[in-house]
Amino acid sequence: MKRLFLKAAGVAAAGALLKACGGGGGGNGNPSGSQTLLQLLQQDGSFSTLLAALEAAGLADRLGQAGAGQTLFAPTNAAFDTLASRTGGLSPATLAAFAGFHVVPQFLSAAGLRSLAASGQTPETLYSFRGNTAVLIFVSDGGGPLSIWDGIGRTSISITEPDIAASNGVLHVVSDVMVPRGILTLAQTLRASIDSFSEFSASVQGSTFATLNGTTAYTLFVPGNDAVNGALADNVVRQHIVASEIGSNAFVAAGTTLTTLNNQQVTLRRGSGTVLATLSYGSAVQATVTDVDFFATNGVIHVINSVLIPR
């Protein structure tokens, strides 16, 4: 799995209808459509969920104002329905919380997004988490298709309809809802992050799922999809869970002894160079931490490179 957090720190039916209504330009760096971003959403029923989320978040009026260019990344109703199905349902308040992560307060055409991908720049959104403004990461590995990386480890969100011009910005239809940190529970984050955690997530069931879907804070060390081969027993899953929130800023070189939900002790030790941290039983390293700080409403996920097998 690629290091999304570190990269962030370091650096078409619906679309066809919108183009007919609003124009199809937007590649020259200036707003050029005849209608505002808000009007484009209002006249197309395919975006009613996004529109309701923006209204609940108090952002709809902003998208109706003339003047400064803005960029709106627009998931369709079907994309919201898919996310709700994966996560077990999303409340209106949760949907509203997503809204700001889909708005960038500057004009970014598709060509501009490719320039950002090449330079490693990460534009700020209108969403913030714990006092820090969330950014979007755009990637085009080897000059291939452009993808968007969101805040929970997904790497395959794409723009399905680019450069739909408005009078006050540009709209890009995207293939999925972009999820920032701090909105879903740990259990929902596992279900939503199909690019990275689906293999482990499939083994999180019953009481363990309920544990990770509550309000008590946990730290979850999740092996990426390339490290899991088949279903894991519940006691193996619980070996990856610690009953407190431990962000990467709490990693120490001397090591911290953690007790898993299996009542077994592991040592978390900050690494150096390309090794972010390690997890050990005694002196034997069992896993390397490869990515960090995918925060949920009730804790945090760190990614590891192998499954932790209970002793």
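1. E1 and E8 run parallel and are joined by six bridges. Two strands count as paired here if DSSP finds at least two bridges between them. Strands (E, at least two residues) and helices (H or I, at least four residues) are DSSP runs, numbered from the N terminus.

2. A word on the source of these values. This is a predicted model, in which local features need pLDDT of at least 70 and side-chain atom pairs count only at pLDDT 80 or more, while totals for chains, interfaces and linings use all residues. Residues are numbered from 1 along each chain as its sequence is written, and side-chain values use heavy atoms, with hydrogens and water left out.

3. E1 also pairs with E2. Strand E1 covers residues 70-75, and its pairing with E2 is antiparallel, over two bridges. Thr-71 has Val-104 in E2 as its bridge partner.

4. Which strands make up the open sheet, and in what order? There are six, in the order E2-E1-E8-E7-E6-E5, with mixed pairing. The edges are taken by strand E2 (103-104) and strand E5 (137-139); each has a single partner strand, so one side of each has no neighbour in the sheet.

5. Are the residues of E1 buried or exposed? Six of its six residues are buried. Buried means under 20% relative accessible area, exposed means over 50%, and partly exposed lies in between (1.4 Å probe, protein chains only). Both faces of the strand are covered: one side carries Gln-70, Leu-72 and Ala-74, the other Thr-71, Phe-73 and Pro-75, and all are buried.

6. Helix H4 (residues 48-56) has buried residues too: Thr-49, Leu-50, Leu-51, Ala-53 and Leu-54. They pack against helix H3 (37-42), helix H5 (60-64), E1, H6, helix H7 (92-98) and E2. Contact here means heavy atoms within 4.5 Å. Just after H4, Gly-58 takes a positive phi of about 75°.

7. How many salt bridges does the structure hold? The count is four. A salt bridge is a side-chain nitrogen of Lys or Arg within 4 Å of a carboxyl oxygen of Asp or Glu.

8. One of them joins Arg-86 and Asp-176, with 3.1 Å from N to O. Arg-86 belongs to helix H6 (residues 77-87), whereas Asp-176 sits in the loop between strand E8 (169-174) and helix H9 (186-192), so the pair ties together parts that are 90 residues apart in sequence. Arg-86 is partly exposed at 21% relative accessibility, while Asp-176 is buried at 9%.

9. Another salt bridge links the side chains of Asp-150 and Arg-154, at 2.6 Å from N to O. Asp-150 is buried, with a relative accessible area of 5%, and Arg-154 is buried at 1% relative accessibility. Through salt bridges that share partners, Arg-86, Asp-150, Arg-154 and Asp-176 are joined into one network.

10. Glu-245 and Arg-130 also meet in a salt bridge, at 3.2 Å from N to O. Glu-245 lies in the loop between strand E10 (241-242) and strand E11 (256-259), and Arg-130 in the loop between strand E3 (124-129) and strand E4 (132-135), so the pair ties together parts that are 115 residues apart in sequence. Glu-245 is partly exposed, with a relative accessible area of 33%. Arg-130 is exposed, at 54%.

11. The backbone of Arg-130 deserves a check as well. Its phi is near 55°, a positive value in a residue other than glycine. Asp-163 likewise has a positive phi of about 55° although it is not a glycine. Asp-163 lies in strand E7 (residues 157-166) and is buried, with a relative accessible area of 14%.

12. What does Glu-124 touch, apart from residues up to four places away in sequence? The list is Val-103, Val-104, Pro-105, Thr-133, Ala-134 and Val-135. Glu-124 has its place in strand E3 and is partly exposed, with a relative accessible area of 46%. The C-alpha atoms of Glu-124 and Leu-136 are separated by 6.6 Å, and these two residues are twelve apart along the chain.
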